[in-house]
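I opened this notebook to record what I looked up in one model. The entries are kept in the order in which I made them.

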Amino acid sequence: MEANVADAAEAERTQVKVDLGARSYDIKIGRGVMDAAGAEIAAVLPGARLAVVVDETVAKLHQKAFSESLNAAGLEHTVLTVPSGESSKCFREFERLCDEVLAARLERGDGIVALGGGVVGDLTGFVASAVRRGMSFVQVPTTLLAQVDSSVGGKTGINARHGKNLIGAFHQPALVLADTAILDTLPIRDFRAGYAEVAKYGLLGDEPFFRWLEANWKAVFAGGPERDQAVARSCQAKADVVAADELEAGRRALLNLGHTFGHALEAAVSYETERVVHGEGVSIGMMLAHEFSEKLQLIDEVTVARVQKHLTDVGLPVSLKDVPGQLPPAETFMDIIAQDKKVSRGALTFILTRGVGEAFVEKGVDPALVSDFLKEKLET
């Protein structure tokens with residue numbers, strides 16, 4: 001792992017750099033990182049006034065302490081609250097937040113802070129990309145999924161009736177503060193869902209990391225130093241890919257392992273989180289990607305069984321049959337997949353694999369093969 005250990009004043013904390021030249025930024029990882037949030041943000045946005053976007057659930061748990069840290073650093077701020085859940089990633093909340101940021105008279109040199117999970121981060125980042133044609137923003141992710149994935153890399157956006165994350169922009173944060181102690185407050189279902197993204201990094205390009213997770217996942221869940229190591233290694237993996245392909249022209253698409261199937265599943269259940277949350281969709285999607293790769297004779301059943309065992313061991317769903325309630329037919333899934341952001345001139349693109357840690361981008365996948373595969377999985 002290439003993450004650099006911070007100096008003695010930040011003992012037990014790790015720093016990962018996303019190297020984008022003049023727009024580079026740091027991800028600071030460790031227990032208690034948020035205690036110094038005010039000082040950290042003031043260092044990168046000196047003199048800025050802030051809007052802090054937080055959802056209702058996180059506000060009850062962390063907003064008071066976060067505001068106290070900002071006050072201690074002399075950072076004037078306005079708190080803007082959004083409803084919890086995927087439904088907030090919509091035009092209505094985007095418009096309201098843009099209006100409230102403007103009503104607070106924040107200027108282009110001021111900043112917006114996302115305090116929350118992936119929904120808040122995606123929505124806030126999109127607002128920051130649009131208001132005054134671009135404002136600085138800071139990510140303070142409070143879920144495992146957001147810490148290892150959505151807070152890093154500058155993808156922002158909202159959902160449309162045609163699918164997930166179809167409206168948005170690339171807009172990099174100025175700083176990411178990943179406090180791993182905050183994850184102690186997560187419901188176990190949400191932690192497991194975030195872990196799917198951690199496992200993804202091993203599956204797409206780092207077999208030794210996946211092997212390490214197979215041996216250490218219980219310690220990651222327990223919150224010891226292994227958790228910090230897993231978060232840092234995941235962030236470093238994403239930082240490396242983003243630095244090489246910021247706008248997803250090629251290699252970055254690998255980060256979507258499991259997401260084409262997963263996003264289609266989320267849309268198919270109308271983003272009802274009682275049935276499927278994003279990380280669960282990713283887990284099922286990664287399993288489908290491996291099973292589809294087996295169907296195409298790219299991998300053997302031993303590899304598929306290994307992936308399934310690990311995801312099952314940690315308590316993640318691995319099959320469409322694990323989703324409560326009735327699912328729509330394969331044709332509905334195919335309509336949604338046709339709107340996937342990786343589709344090019346109508347040709348389907350999937351992330352497939354030749355083995356654990358050997359994912360690759362496959363363009364021009366035959367829709368008939370995908371449809372037959374989904375029909376088989378929906379029926380068995």
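The entries below go from the domains to single residues.

**Entry 1. Ground rules.** I note that this is a predicted model, in which local features need pLDDT of at least 70 and side-chain atom pairs count only at pLDDT 80 or more, while totals for chains, interfaces and linings use all residues. Residues are numbered from 1 along each chain as its sequence is written, and side-chain values use heavy atoms, with hydrogens and water left out.

**Entry 2. Domains.** I looked up the division of the protein and found domain 1 (2–185) and domain 2 (189–379); the bounds come from an automatic or database domain assignment. Taken over C-alpha atoms, the centres of the two domains are 25 Å apart. I then looked up the contacts, where contact means heavy atoms within 4.5 Å. They involve 37 residues of domain 1 and 34 residues of domain 2.

The size of an interface is often given as the accessible area lost when the parts come together. Here I recorded about 3,000 Å² buried between domain 1 and domain 2, with carbon and sulfur atoms giving 61% of this area. On the domain 1 side, Leu144, Val148 and Lys164 lose the most area to domain 2, together 21% of what that side buries. Buried area is here the accessible area (1.4 Å probe) that two parts lose on being put together, summed over both.

**Entry 3. Annotated positions.** Which residues does the UniProt annotation "binding site" cover? The record, an unreviewed entry, gives Glu197, His259 and His278. These residues span 82 residues in sequence, yet no two of their C-alpha atoms are more than 10.2 Å apart, so they gather at one spot. I bear in mind that UniProt positions are given in the numbering used here, that feature names are shortened, and that annotations may be inferred rather than shown by experiment.

**Entry 4. His259 and H9.** I placed His259 in helix H9 (residues 259–268). Helices (H or I, at least four residues) and strands (E, at least two) are DSSP runs, numbered from the N terminus. Is His259 buried or exposed? His259 counts as buried, at 4% relative accessibility; the term means under 20% relative accessible area, with exposed over 50% and partly exposed in between (1.4 Å probe, protein chains only). Leaving aside neighbours within four places in sequence, His259 is in contact with Glu197, Lys200, Ala264, His278 and Val282.

I then took H9 as a whole and found that 10 of its 10 residues are buried. The cover over the buried residues of H9 includes E9, helix H6 (188–205), H10, helix H12 (330–337), strand E11 (348–353) and helix H13 (367–379). Just after H9, I noted a positive phi of about 55 degrees at Ser270.

**Entry 5. His278.** I found His278 in helix H10 (residues 278–295), buried with a relative accessible area of 15%. A polar contact of 3.4 Å joins the side chains of His278 and Glu197. A polar contact is a pair of N or O atoms within 3.5 Å; within protein, one must be able to donate a hydrogen and the other to accept it, and residues adjacent in sequence count only if both atoms are side-chain atoms. Beyond four places in sequence, the contacts of His278 are Leu145, Lys164, Glu197, His259, His263 and Glu266.

**Entry 6. Asp149.** I located Asp149 in helix H5 (residues 144–150) and recorded it as buried, at a relative accessible area of 10%. Which side chain does Asp149 meet in a polar contact of 3.2 Å? The partner is the side chain of Lys200. Not counting residues up to four places away in sequence, Asp149 touches Glu197, Lys200, Tyr201 and Lys238.

**Entry 7. Strands E8 and E9.** I noted that strand E8 (residues 155–160) and strand E9 (residues 163–170) pair in the antiparallel sense over 5 bridges; two strands pair if DSSP finds at least two bridges between them. A hairpin of 2 residues joins E8 to E9. Across the pair, Lys155 stands opposite Phe170, and Thr156 stands opposite Ala169. I also recorded that 5 of the 6 residues of E8 are buried.

**Entry 8. His77.** The side chain of His77 makes a polar contact of 3.1 Å with the side chain of Ser67. A polar atom of the His77 side chain also lies 3.0 Å from the backbone oxygen of Leu75.
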